[in-house]
Amino acid sequence: PQQELTIWMGDTGKTLLFGPSPTNDPSVVYAKLKSADSIFTVPADAARKFAVQINDLRDPRILTFADADVTGIELLRGTTKTVLARSNNTWSVTTPVAIAAEQSVVQRLLTQLGALVAKQFTVDVTTDPDRYGLAAPAATVTLLGQGTNVLTQLLIGGTDETNTVRFVKRADEPFVYGVDVNIVEWLPANYLAVRVHQLTEFQPEQIKKLTIQ
């Protein structure tokens, strides 16, 4: 057979065998149950739906985490390190300075990381990380849970020859993925990109006099 499809129901399985098309009708293919003698034809289009590769079935999401479990974020771009911590559902920058963080910016970062998907499954095991720019990553993102527990860490490497795919790798997996090249653009470059935007905390009704010079 050109294809075998086995459906399991508990410990019992049924196997369907697909063969070639008859010479006079390419719109169908021969098929039979492995456990039976009868041969029949089925539409070729229906049979082709089962001609999938393993990568067609893989979950394309790179990172799997729950936002509520993330209590810290470490961003390393080159030698520039930014660390954020969450306390009482409020994010703050702790490194390189201690300052309040812009909550919407941090939440958008978590949303983008959670939505990051593979455009391609590049290799399942690499013995040459430098080939993908992962020996010295352009950026590293670490999501922390309670204490020093590392929920996940993403290494962001170089681009392919067409500069349309950027290689990334999870620290706990051997796989190398290809993602949208713009991932570096939406990662905060430093703490200034995530610090709070609000300059003062007073309310408009508190203002009794305004001087503009």
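Helices (H or I, at least four residues) and strands (E, at least two) are DSSP runs, numbered from the N terminus. On this basis, the chain holds 4 helices and 13 strands. The model is predicted, and local features need pLDDT of at least 70, side-chain atom pairs count only at pLDDT 80 or more, and totals for chains, interfaces and linings use all residues. Residues are numbered from 1 along each chain as its sequence is written, and side-chain values use heavy atoms, with hydrogens and water left out.

The C-alpha trace of the chain spans about 90 × 45 × 40 Å along its principal axes. The radius of gyration (taken over C-alpha atoms) is 26 Å, whereas a compact globule of 213 residues would have a value near 17 Å; the globule rule is 2.2 Å times the number of residues to the power 0.38. Of the 213 residues, 31% are buried (under 20% relative accessible area, 1.4 Å probe, protein chains only).

An open sheet comprises 4 strands in the order E1-E2-E3-E4, with antiparallel pairing; two strands pair if DSSP finds at least two bridges between them. Strands E1 (3–9) and E4 (40–43) stand at the edges, each with a single partner strand, so one side of each is left without a neighbour in the sheet. E1 and E2 (residues 12–18) pair in the antiparallel sense over 7 bridges, and threonine 12 in E2 is the bridge partner of methionine 9.

Leucine 210 lies in the segment after helix H4 (183–186). Leucine 210 is exposed, with a relative accessible area of 67%, where exposed denotes over 50%.
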